[in-house]
Amino acid sequence: MNIRLKLAAIFLPLGLIIAAVPENTTKAYKLTAEELLVEAQEGAQFMSTDEIADALVQKDPSFRLIDVRAQDEYEKFHLPNAINIPLTDILSDEWADYLDQDVKMNIFYSNGNLKSNEAWMITRQLGFENNYVMQGGLNYWAETIMNPTAPASTSPDDEIAKYDFRKGASMALGGGAVGTAKSSKKSSPKPVIKRKKKKKRAAGGC
Amino acid sequence: MGPLVVNEFISPDTNLFLAFLIGIGFGFVLESSGFSSSRKLAGMFYGYDTTVLKVFFTAAITALVGMLFFSLFGWVDLDLIYINPTFLHSAIVGGVIMGVGFIMGGFCPGTAFCAISIGKLDALAFIGGLFLGIVIFTEGYPLFEELYKAEFMGTPTINEFLGLSRGLFSFMLIAAAFGMFWVGEWAEKKFPREEY
């Protein structure tokens, strides 16, 4: 039996096995449980409602709001320009290009923090970058941006500036009643866009 | 878990060091299997010695089967494996130049360095030509740039191109490889050469 036949006896059955089994399409988790826990505890995924309102008012093109609630809830109410990716569809290929990219900042939101944090955890585990969570969700949004409560007149200036900004944002975004500004307007700090390096293919070649 | 570098199991520096060790091993095996003889290599084109075909195809199908099984077991993420991007025109032109150089010189770039390490003078001439080619290409790059970058196709793989599954295409390739080995050995008998 020559070497060619011996090799063929090894390789052809292996090839048959490979041809017969489906491709492994499972996506390996990129972070260990501990790493994810550390990130979650740091809370670096949270964007405040003020930052998001500012981005919406200024029509910042680098932001993309993603509503992770069910479709009927999305149709009832959603933030301006938000797209709807229900949590149940988050792993479908249809949305992969939206979630795994390094161009825009994706901001997940739901009614509270729960679903949006789930979405963030899933995408983070897959190694995707640039996904964030709107802190407090729509409930907090309604509380702070749509119907901000006026601070006491003895509050520090930045509290009042924050209130003014929220009031302005509320007007711009179609929120509650218009009030009068109490002190000179300060622009709120711009959100800092963090860009992390994306995992690239190993370079190589002959 | 793999690829090890991308997932930061080993650092890029360690990677280079491992590449160095693997390179030495590769060179040693090339030399000891007679790949530093230009006549043996050129025999591929005349049919009297098809070792090159057999060795490289065996290497290719071994790596192929290995990677696919690794992927099947979840040991490596094939999406993170580097695929050389295809520039169709420069690939064709480069292939022709490489092929002509291979027949004329009797070496491919790697084996030329193997041969020069054991003092073969024809390899010295070959490497001289290689450097000349590099100088002409780099100095004349503005002239070649358009051709060099024409028809960029991204990183297509043949099985995607044919619409086959990875596994099925691999099986066909393995079968084709053994078919070629058979043809190769037939050619060795058909065009024998006593000494080379």
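The legends below describe several close-up views of a predicted model.

**View 1. The overall make-up of chain A.**
In this predicted model, the secondary structure of chain A amounts to 8 helices and 5 strands. Followed along the sequence, these elements of chain A come in the pattern α-α-β-α-β-α-β-α-β-α-β-α-α. Chain A has 206 residues, of which 28% count as buried. When contacts in chain A between residues at least 6 apart in sequence are considered, 67% of them join residues at least 24 apart.

**View 2. The open sheet of chain A.**
The 5 strands of chain A form an open sheet in the order β1-β5-β4-β2-β3, and their pairing is parallel. The edge strands of chain A are β1 and β3 (83-84), each of which pairs on one side only. As background to this view, strands of a sheet pair through backbone hydrogen bonds, and they do so in either a parallel or an antiparallel way.

**View 3. Strand β4 of chain A and its partners.**
Strand β4 of chain A covers residues 105-109, and because 5 of the 5 residues of β4(A) are buried, this strand is largely enclosed by the rest of the structure. Both of its faces are covered, with A:Met105, A:Ile107 and A:Tyr109 buried on one side and A:Asn106 and A:Phe108 buried on the other. The pairing of β2(A) with β4(A) is parallel and runs over 5 bridges, and in β4(A) it is A:Ile107 that A:Leu65 stands opposite. The pairing of β4(A) with β5(A) is also parallel, over 3 bridges, and here A:Ile107 stands opposite A:Tyr132 in β5(A).

Strand β1 (residues 46-47) of chain A pairs with β5(A) in the parallel sense over 2 bridges, and A:Met47 stands opposite A:Met134 in β5(A). Together with β4(A) and helix α6 (residues 114-125) of chain A, β5(A) makes a right-handed β-α-β unit.

**View 4. Two loop residues of chain A with positive phi.**
Most residues other than glycine have a negative phi. The phi of A:Lys59, however, is near 50 degrees, a positive value in a residue that is not glycine, and this residue lies in the loop between α3 (49-57) and β2 (63-67) of chain A. Is A:Lys59 buried or exposed? A:Lys59 counts as exposed, because it has 9 C-beta neighbours inside 10 Å and a residue is exposed if 12 or fewer lie within that distance. The phi of A:Asn130 is near 65 degrees, again a positive value in a residue other than glycine, and A:Asn130 is found in the loop between α6 and β5 of chain A. A:Asn130, in turn, counts as buried, because 21 C-beta neighbours lie inside 10 Å of it.

**View 5. Two helices packed across the contact of chains A and B.**
Helix α1 (residues 3-20) of chain A packs against helix α3 (residues 51-72) of chain B at an angle of about 40 degrees, and their axes are 10 Å apart. The crossing of α1(A) and α3(B) is left-handed. On the side of α1(A), the contact is made by A:Leu7, A:Phe11, A:Leu14, A:Gly15 and A:Ile18, while on the side of α3(B) it is made by B:Thr58, B:Ile61, B:Val65 and B:Leu68. Sorted by class, this contact of α1(A) with α3(B) has 7 nonpolar, 2 polar and no charged residues.

**View 6. The whole contact between chain A and chain B.**
The contact takes 21 residues from chain A and 27 residues from chain B. On the side of chain A that touches chain B, the residues divide into 12 nonpolar, 5 polar and 4 charged.

Definitions and conventions:
Residues numbered from 1 in each chain as written. Chains lettered and ligands numbered in written order. Predicted model: local features only at pLDDT ≥ 70, side-chain atom pairs only at ≥ 80, totals over all residues. Axes fitted to C-alpha atoms, helices over the stretch in contact; angles between N-to-C directions. Helix = DSSP H or I, 4+ residues; strand = E, 2+ residues; numbered from the N terminus. Left-handed = near helix turned anticlockwise from the far one by under 90°. Contact = placed C-beta atoms within 7 Å. Nonpolar A, V, L, I, M, F, W, Y, C, P; charged D, E, K, R; others polar. Pairing = 2+ DSSP bridges. Right-handed = clockwise from strand over helix to strand, strands pointing away. Buried ≥ 20, exposed ≤ 12 C-beta atoms within 10 Å, placed from the backbone.
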